[in-house]
Amino acid sequence: MPPASGHGDGTLSRWLEANGYDEQPRGPDAIADVARVRRLLLDAARAGHAVSYSGLLRDLGHRFTRPKMRALCRTLDAIDRQAAPDGEPPLAVLVVREGDRLPGQGWWLGAAQARGYRGGWEGSEAVAFVRAQQQRAFDFWATR
């Protein structure tokens, strides 16, 4: 175990968090915790980057499995539904597959179609559409 030092400078707390000793619950309910998942997505939007499904699940204390990913997608849908009346851009578009950095099938069938997208789910047209949607979120949350 590497040494942890500097009680007052945040070094210890950063080390604890990096090694899984944070105070966030990591049980099955973490995936359905709309407020917590939203905070993670807002952090990503403010930082200007997307997150992978497996990375987000890992941040919630889980390894990637298809059932957990499907449960996470239900949470992402809830987050976007709650944000829409306030005029906030959707955040689910920030969650992507590691391989091609594009959202999964459910996003294309729901959110993309709702925004008028009728193209393919892969390729340059899909990438351009996703990047534009992600940029809306990055721009909106950059100063909030």
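Me: Which residues of helix α5 are buried?

Reply: A word on the source: this is a predicted model, in which local features need pLDDT of at least 70, side-chain atom pairs count only at pLDDT 80 or more, and totals for chains, interfaces and linings use all residues. Residues are numbered from 1 along each chain as its sequence is written, and side-chain values use heavy atoms, with hydrogens and water left out. Helices are DSSP runs (H or I, at least four residues), numbered from the N terminus, and buried means under 20% relative accessible area, exposed over 50% and partly exposed in between, with a 1.4 Å probe and protein chains only. In α5, residues 105-114, the buried residues are Trp 107, Trp 108, Ala 111 and Ala 112. Seen down the helix axis, they fall within an arc of 120° and so line one face of α5, the arc being that of the directions from the axis to the C-beta atoms.

Me: What do the buried residues of α5 pack against, and which exposed residues does the face turned away from them carry?

Reply: Contact means heavy atoms within 4.5 Å; the buried residues of α5 pack against α6 (124-141), whereas the face turned away from the buried side carries the exposed residues Gly 106 and Ala 114.

Me: Which residues is Arg 38 in contact with, leaving aside neighbours within four places in sequence?

Reply: Arg 38, which lies in helix α2 (residues 34-47), is partly exposed at a relative accessible area of 21%, and is in contact with Ile 79, Ala 83, Glu 88, Leu 91 and Trp 141. With Glu 88, the side chain of Arg 38 makes a polar contact of 3.0 Å; the term denotes a pair of N or O atoms within 3.5 Å, where, within protein, one must be able to donate a hydrogen and the other to accept it, and residues adjacent in sequence count only if both atoms are side-chain atoms.

Key: Helices (H or I, at least four residues) and strands (E, at least two) are DSSP runs, numbered from the N terminus.
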